[in-house]
Amino acid sequence: MLIIGIAGGTGCGKTTVVNQILNELPEGEVGVISQDSYYKDTTHLDYEERVKINFDHPRAIDFELLIKHLKALKKGKTVEQPVYSF
């Protein structure tokens, strides 16, 4: 199993690159994990606090959980990817 990470700022074309990869490889051979699903939970914050969050900053991402999930997937295990609601 090979894991490829595609990084970049908002609107730089990450999704376009991923879609091109999906078009070039056999169907069912590629799984996509979106880093957007791993934003830290902010439901405990009120609206004024949430609007101050810079979601492009690495501190906004739960990298511990993302890494844990990638390691599990690499071992052939399944994970429950979080669903982040903007």
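Among contacts in the protein chain that link residues at least 6 apart in sequence, 49% bring together residues at least 24 apart. The model examined here is a predicted one.

The overall dimensions come next. Along its principal axes, the C-alpha trace of the protein chain spans about 45 × 30 × 20 Å. The protein chain has 86 residues, of which 12% count as buried. As for charge, 10 side chains are positive and 12 are negative, with the centres of the two sets lying 9 Å apart.

With this picture in mind, one residue can be followed in detail. Ser37 sits in the loop between α1 (14–24) and α2 (47–50). Is Ser37 buried or exposed? Its relative accessible area is 15%, and because buried means under 20%, Ser37 belongs to the buried residues.

The surroundings of Ser37 can also be named. Once its neighbours within four places in sequence are left aside, Ser37 is in contact with Gln81, Pro82 and Tyr84. For Pro82, there is a further detail to look for in the structure: the side chain of Ser37 reaches the backbone oxygen of Pro82 at 3.5 Å.

Technical notes. Residues are numbered from 1 along each chain as its sequence is written. This is a predicted model: local features need pLDDT of at least 70, side-chain atom pairs count only at pLDDT 80 or more; totals for chains, interfaces and linings use all residues. Side-chain values use heavy atoms; hydrogens and water are left out. Helices (H or I, at least four residues) and strands (E, at least two) are DSSP runs, numbered from the N terminus. Buried means under 20% relative accessible area, exposed over 50%, partly exposed in between (1.4 Å probe, protein chains only). A polar contact is a pair of N or O atoms within 3.5 Å; within protein, one must be able to donate a hydrogen and the other to accept it, and residues adjacent in sequence count only if both atoms are side-chain atoms. Contact means heavy atoms within 4.5 Å. Lys and Arg count as positive and Asp and Glu as negative; His and the chain ends are not counted. The place of a charge is taken as NZ of Lys, CZ of Arg, CG of Asp or CD of Glu.
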